[in-house]
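I opened my notebook next to the viewer and looked up a few things one by one. Here are my entries.

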Amino acid sequence: MSSSAPSAKKMKKVEVGDGDESRDYDAETQKALEEIDACQNEIDALNEKASEEILKVEQKYNKLRKPFFEKRNELIRKIPNFWVTAFVNHPQISAILDEEEEECLHFLTKLEVEEFEDIKSGYRIKFFFDENPYFENDVIVKEFHLGSSGDPASQSTIIKWKESMDLTKKHKERQAQMKNSRKRMHEQPRTFFTWYADHGDASADDIAEVIKDDMWPNPLQYFLVPDIEVENGIEGEDDDSEDDEVDDSVVVVEEEGDGEDEEDEGEEEEVDEEEVYEEGDEEAGEGIEEGEGEMDPEGEE
């Protein structure tokens with residue numbers, strides 16, 4: 001055997017991580033790996049403790065934020081169509097709104113997002129409505145929570161639609177007509193109320209996350225979207241277009257100037273030719289006059 005090869009006594013079999021594979025390491029490497037694993041366990045324990053502390057902080061500040069959310073909702077009620085405007089201006093929510101649903105959301109007076117007390121187990125979204133021609137409910141709620149398996153699940157208040165006003169049924173009928181029609185229109189796979197009634201995969205509910213994490217924290221930014229665009233975008237585009245127009249006019253003027261210069265040069269050439277012609281005429285005229293002057297005496301003679 002080579003002297004460089006490790007002896008059998010120094011080799012030890014160790015399982016690294018959660019995998020099934022195992023490798024042989026020398027005693028020094030084995031010891032280092034065990035110490036690293038012990039450090040990692042300490043780090044994981046601290047991370048878990050940090051998560052618990054963060055949840056306590058969130059619970060504390062949820063209570064502190066609550067009166068401000070309530071005050072904000074009272075102020076929002078003074079602004080007509082606040083929530084429907086915010087929804088229409090939000091790119092992801094507006095993508096699932098059809099025209100009739102937008103009309104229905106004109107009766108939406110208040111929105112609330114409530115996290116469960118322990119935060120980690122779930123939250124609910126509440127929609128408050130004035131009396132309207134679509135359904136009888138004053139409040140409809142969609143709730144998200146951890147199921148018995150540990151996976152997210154959702155449930156929602158059953159909407160008591162008034163006669164012939166069920167917007168989810170109307171959507172399904174329109175989809176069926178589009179499929180049967182020869183002229184295929186753009187199919188809308190889901191709408192706001194079909195999202196509300198859908199509980200297929202709560203872990204992939206992007207609309208709920210948008211409402212909870214984006215709309216609810218600051219709805220004012222979406223209510224004011226058109227004004228913000230006017231201030232930051234549209235006016236700037238107009239200014240650019242005006243600049244472009246000025247630039248175009250300058251180019252045109254320069255082109256006209258070049259043409260005028262050419263015309264001026266042409267006119268100068270014509271003038272020179274005319275001057276030469278006139279000079280020639282004058283010299284010829286002088287000769288004729290002189291000849292006539294000489295002939296008259298001869299005729300008289």
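I began with Glu112: is this residue buried or exposed? Glu112 has a relative accessible area of 16%, and I count it as buried because the cut-off for that is under 20%. This is a predicted model, so I keep that in mind for every entry. I found Glu112 in strand S3, which covers residues 108-115. I then looked at Arg124, twelve residues away from Glu112 along the chain, and noted 8.2 Å between the two C-alpha atoms.

Next I turned to helix H1, residues 27-76. I noted 50 residues in H1 and a reach of 69 Å from the first C-alpha to the last, close to the expected 74 Å. Where does H1 bend? I placed a bend of about 30° at Arg65, with the proline Pro67 following within four residues.

Which residues of H1 are buried? I listed Gln30, Arg72, Asn73 and Ile76.

My last stop was Val57, also in H1. Val57 has a relative accessible area of 43%, so I call this residue partly exposed, as the value falls between 20% and 50%.

Methods
Residues are numbered from 1 along each chain as its sequence is written. This is a predicted model: local features need pLDDT of at least 70, side-chain atom pairs count only at pLDDT 80 or more; totals for chains, interfaces and linings use all residues. Side-chain values use heavy atoms; hydrogens and water are left out. Helices (H or I, at least four residues) and strands (E, at least two) are DSSP runs, numbered from the N terminus. The expected span of a helix is 1.5 Å times one less than its number of residues. The bend at a residue is the angle between axes fitted to the seven residues ending there and the seven starting there. Buried means under 20% relative accessible area, exposed over 50%, partly exposed in between (1.4 Å probe, protein chains only).
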